[in-house]
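Here is a note for a student who is reading this model for the first time. Please keep the sequence and the structure open beside the numbered points.

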Amino acid sequence: MEEWRRRSREATLLDPVVVEAAPDSMDALLAEMATMLASYDRVDVEAVAIKMMAMLSKMDRKVKSSRTRALLNRHLASLGVPKSAHCLALRLAEEFAVNAAARSPVPPPEHAPRLTDASRLHVALVTDNVLAAAVAVASAARSAADPARLVLHVLTDRKSYVPMHSWFALHPVEPAVVEVRGLHQLAWRDAGAVASVMRTVEEVRRSSLDWYRRQCGGGSSAEETRPSAFSLLNYLKIHLPELFPELGRVVLLDDDVVVREDLAGLWEQDLDGNVIGAVGAHEGGGVCVDKTLGDHLNFSDPDVSGSGPLHSSRCAWSWGVNVVDLDAWRRTNVTETYQFWLQKNRESGFRLWQMASLPPALLAFDGRVQAIDPRWNLPGLGWRVPHPDLVRLSAVLHFSGPRKPWLEVAFPELRQLWLAHLNASDSFLQGCGVVEWQ
């Protein structure tokens, strides 16, 4: 035992060659001890202690290596677009080409006046994910007390426009109204709006290139290479006033949500003169719903710590489920401030925060965010499984995190809550393996 304790203290100094040559099992160690006993008529206690320490070090190394590989594989699984989603996009694009119904206007011409009707409840999604948009829209419509009042605006990119249009043309959620627009179809009111949007587009492009150049050869963590950090659509949320020039208020949803209660309660929230309402936007010293500002921003940098009354322990709000006063936004310089910080971070060598769309929003909206009831956004369902009571009492489930519900790595019990809003008998979903054949 004395030899064991002495060798335990010296285990970190073991020669890597000795560790690699260590027995892989207790049976192998006993076999070596038996050979030693047969050859020398005794067991060298010091040698046995060294071998046992080497075995533990070897096993520890294997466990760490296995965990690293598991994390990497899970991360890669969260990055990839599932084969079923690829299949669905291709099937819908084909349907658009051959089926006039898939090309029909979305919304139908008779419902077009609702798109700018201030008496309606307007919901915006900015996404290129057909499956995710399908669930977010269906769940919002199904949860509405008065679905005829609901107008859902889906904004996507050119690549995803055709399958997105095809899906909602063939799968209306009447009496709610859905609008599908591509960025290439937007009609800008003035040259200033175009210039502002293009400034953001160019800055995201330059930031992405600079980030990749800095990471090449140096490696980066899994969190730093997530696709959402480089998605232009995520950054274009900062242009909601330009994207919806005729609206005064909008509920903004991420595509990875499931709505479980009527959004009218969120729509009618009093923002007390602020621009945006969000869960987590409070100054108190209690437990944060999600993350703190220090989790997003580098407060050791004077540009961040000296930027205003911000402190790292303050709770951070997030995108996902927000109500936005577009008229109040138009009276501020929030968008210009966001662009300023986006450029400043790139020029600092990404010292202020890792590549992401939320951190500059935390700075730009500071002092203009109204806290809303935490029930409106239960985040982190792509990271963990919360207590069932928390899920039951939440108005909107937010699958933020890598284990998205449309991926195989999703938590099975949470994935079922998402799948419940897809029609299991739909031929497109069945044919592409999104849902099982009935």
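Is E203 buried or exposed? The answer is in point 2, after some words on the model.

1. This is a predicted model, in which local features need pLDDT of at least 70 and side-chain atom pairs count only at pLDDT 80 or more, while totals for chains, interfaces and linings use all residues. Residues are numbered from 1 along each chain as its sequence is written, and side-chain values use heavy atoms, with hydrogens and water left out.

2. E203 is buried, because its relative accessible area is 8%, and the word has a set meaning here: buried is under 20% relative accessible area, exposed is over 50%, and partly exposed is in between, with a 1.4 Å probe and protein chains only. E203 belongs to helix α8, residues 191-215; helices (H or I, at least four residues) and strands (E, at least two) are DSSP runs, numbered from the N terminus. When residues up to four places away in sequence are not counted, E203 touches L342, Q343 and R346, where a contact means heavy atoms within 4.5 Å.

3. For the chain as a whole, the model has 19 helices and nine strands, and 48% of its 438 residues count as buried. Among contacts between residues at least 6 apart in sequence, 76% join residues at least 24 apart. The protein chain exposes about 21200 Å², and carbon and sulfur atoms supply 54% of that area; accessible areas come from the Shrake-Rupley method with a 1.4 Å probe, and for residues only the protein chains shown count as cover.

4. A search of the whole structure finds two disulfides, a disulfide being a pair of cysteine sulfur atoms within 2.5 Å. With bonded cysteines counted along the chain, the disulfides follow the pattern 1-4, 2-3, and the next two points take them in turn.

5. The angle about the S-S bond is -70°, and the link of C87 and C432 is left-handed. C87 counts as partly exposed, because its relative accessibility is 24%, whereas C432, with a relative accessible area of 10%, is buried.

6. C288 and C315 form a disulfide as well, with their sulfur atoms 2.0 Å apart. They also link distant parts of the chain: C288 is in the loop between β6 (276-278) and α12 (293-296), and C315 is in the loop between α13 (302-305) and β7 (321-325), 27 residues apart. The torsion about the S-S bond of C288 and C315 is about -90°, so this disulfide is left-handed. C288 is buried at a relative accessible area of 19%, and C315 counts as buried at 4% relative accessibility.

7. Helix α5 also packs against helix α7 (residues 158-170), at an angle of about 75° and with the axes 8 Å apart; axes are lines fitted to C-alpha atoms, for helices over the stretch in contact, and angles run from 0 to 180 degrees between N-to-C directions. That angle makes α5 roughly perpendicular to α7, on a scale where under 35 degrees is roughly parallel, over 145 roughly antiparallel, 65 to 115 roughly perpendicular and the rest oblique. The residues making the contact include L88, L92 and F96 of α5 and V162, W167 and L170 of α7.

8. L422 lies in the loop between α18 (412-419) and α19, and L422 is buried because its relative accessible area is 9%. Leaving aside neighbours within four places in sequence, L422 is in contact with L131, A134, V135, L429 and V434. L422 and A134 are 288 residues apart in sequence, yet their C-alpha atoms are 7.7 Å apart in space.

9. Which class does E174 belong to, buried or exposed? E174 is exposed, because its relative accessible area is 58%, and it is found in the loop between α7 and β3 (177-182). From C-alpha to C-alpha, E174 and A148 are 7.4 Å apart in space, and they are 26 residues apart in sequence.
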